[in-house]
Structure formats: C-alpha cells, structure tokens
Amino acid sequence: MKSQPHLCPVCGFSGLKENPRSREGGGSYEICPCCDFEFGVTDDDKGIDYNTHREAWIAKGMSWSSTTRKQPRNWEPGSQLANLALRATLSRVKGRPPRVMLEAAVA
Ligand SMILES: [Zn+2]
C-alpha cells in the first residue's frame, strides 16, 4: 500500500490522512483542516456539494480553518486549488469517468 497523502476534492489540500471517500462510497468523517469540509457529513448529512462548499470557502477568503492542525509553511491556497485541475486530468488518463467537482475547479 502506498501511503500517499490524500487530496481534498474541495480545496485541493493534499494532506488529508484518509481517502475522503471509500470505494464503497462512504465518507471518511475526516474534516479538512483547510476548508472545513467533513466528508460524509457536510455532503451526506447537510447536502452541500463540493462545488458549493468550495465557492463559499473562496468567497470567505480561502482561509485555513483548523485550530488544531497548523497551517503548513508557505501554504498557498491559490496554487493548492491548481492541484484539483491536475488531478482531474490524471483521472481521465486512468480511464475513469471525469469527476465533476474536479473539473469545476478549473473554471
Ligand atoms: Zn479541503
């Protein structure tokens, strides 16, 4: 098993401890320390999708949200969002269906 950091599909933060969604589709219940999205709760329970949450996070100034996890040095939310565009391209190469939330980050 590779221990790659996991990418937040909302804000592009690449330091999630778990995969936000299991293969079975369940949320990880991890809260992204960056955008505050809780996988399995913000989406499943509150009905807020990635795009909506991302827009709100950007509108609020793309701030680091966690008080328990420190903001990484040289953290740049703007370039972090570019991770999403890159990842969308990669999942097409693998022959998976394009993921809408990642494509939206490009727009
Ligand atoms: Zn996030």
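Just after H1, Gly61 takes a positive phi of about 100°.

The model is a predicted one, in which local features need pLDDT of at least 70 and side-chain atom pairs count only at pLDDT 80 or more, while totals for chains, interfaces and linings use all residues. Residues are numbered from 1 along each chain as its sequence is written.

The chain holds three helices and zero strands (DSSP runs of H or I with at least four residues, and of E with at least two, numbered from the N terminus). Of its 107 residues, 23% are buried. Cys11 is in contact with Cys32, Cys34, Cys35, Arg54, Trp57, Gln80 and Leu81, leaving aside residues up to four places away in sequence; a contact means C-beta atoms, placed from the backbone, within 7 Å.

How far can the model be trusted? The mean pLDDT (the predictor's confidence in each residue, from 0 to 100) is 82 for the chain, with 76% of residues reaching 70 or more. Confidence is highest in H1 (residues 50–59), at a mean of 91, and lowest in H3 (residues 100–104), at 46. Over residues 100–107 the pLDDT is below 50. Where pLDDT is low, the predicted coordinates should not be read in detail.

Note on methods:
Buried ≥ 20, exposed ≤ 12 C-beta atoms within 10 Å, placed from the backbone. Contact = placed C-beta atoms within 7 Å.
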